[in-house]
Amino acid sequence: MPPKPKITKDMVIDAAFTIARDTGAEQINARTVSERLNCSTQPVMYHFATIAKLKQAAYAKANLYHSEYLLNVSESKEGILLGIGINYIRFAVEEPHLFRFLFQSGYAAENSLLEMIDAEELAPVLSTMQKAMHMNLAQTKEIFITLSMFVHGYASIIANHSLEYEEELIKQHLKRVYTGAVLAAQKENER
């Protein structure tokens, strides 16, 4: 009889991520993860002493997936910044369980937007925005905060099924907010 395949820590994280993606993070537990892996609960608990630690690992994987999703922007007539904003909202449409896990579950390491702006995980997004706008990091952060408030509000409402996704209308609104945020940053820079 061949030996059973070894269940690795990454396999457990991948299974928890898939559960969060398919049915919601609240469904992550030793039983559901072990069922997905077709094993007993022992390997799950071997790698993660608590389900909270497993959820934190699944959260980290979801956060990385989200960052990659945001940055998958083709150079369009709207520009990279608007593309990132649309991708954020589209993520809420296409991945509502992951969106709620990332932004409405309390698992974020940062407690506020102002803490998040300095998080290491956000650096690639800010760097892409900064290069596209040709502005300094402080200006980029101010524009990001303005845009993120608007975009997150839209995405949250959509992820919680209180608004239909209408991309063209959202693009129009996002362009207005973006234009206003850039103009405000430029005026402050002139002072």
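Entry 1, helix packing. I worked from a predicted model. I looked up helix α1 (residues 9–23) against helix α6 (residues 96–104), and found that they pack at an angle of about 110° with their axes 5 Å apart. Because angles of 65 to 115 degrees count as roughly perpendicular, I noted α1 as roughly perpendicular to α6. I also recorded that the crossing of α1 and α6 is right-handed.

Entry 2, residues of that contact. From α1 I listed Phe 17, Ala 20, Arg 21, Asp 22 and Thr 23, which meet His 97, Leu 98 and Phe 101 of α6. By class, the residues of this contact divide into 4 nonpolar, 2 polar and 2 charged.

I counted 8 aromatic pairs. One of them is Tyr 59 with Phe 101, an edge-to-face pair with 5.5 Å centre to centre and 85° between the planes. Tyr 59 lies in helix α4 (residues 51–70) and Phe 101 in helix α6, so this pair ties together parts that are 42 residues apart in sequence. I found both Tyr 59 and Phe 101 buried.

Tyr 65 belongs to helix α4 and Phe 91 to helix α5 (residues 80–94), so the pair joins parts 26 residues apart in sequence. Tyr 65 is partly exposed, with a relative accessible area of 23%, whereas Phe 91, at 0%, counts as buried. Finally, I noted that ring pairs link Phe 17, Tyr 65, Tyr 69 and Phe 91 into a cluster.

Terms used. Residues are numbered from 1 along each chain as its sequence is written. This is a predicted model: local features need pLDDT of at least 70, side-chain atom pairs count only at pLDDT 80 or more; totals for chains, interfaces and linings use all residues. Side-chain values use heavy atoms; hydrogens and water are left out. Axes are lines fitted to C-alpha atoms, for helices over the stretch in contact, and angles run from 0 to 180 degrees between N-to-C directions. Helices (H or I, at least four residues) and strands (E, at least two) are DSSP runs, numbered from the N terminus. Angles under 35 degrees count as roughly parallel, over 145 as roughly antiparallel, 65 to 115 as roughly perpendicular and the rest as oblique. A crossing is left-handed if the near helix is turned anticlockwise from the far one by less than a right angle, and right-handed if clockwise. Contact means heavy atoms within 4.5 Å. Ala, Val, Leu, Ile, Met, Phe, Trp, Tyr, Cys and Pro count as nonpolar, Asp, Glu, Lys and Arg as charged, and the others, Gly among them, as polar. Rings of Phe, Tyr and Trp (its six-membered ring) pair if their centres lie within 6.5 Å; planes under 30 degrees apart count as stacked, over 60 as edge-to-face and the rest as tilted. Buried means under 20% relative accessible area, exposed over 50%, partly exposed in between (1.4 Å probe, protein chains only).
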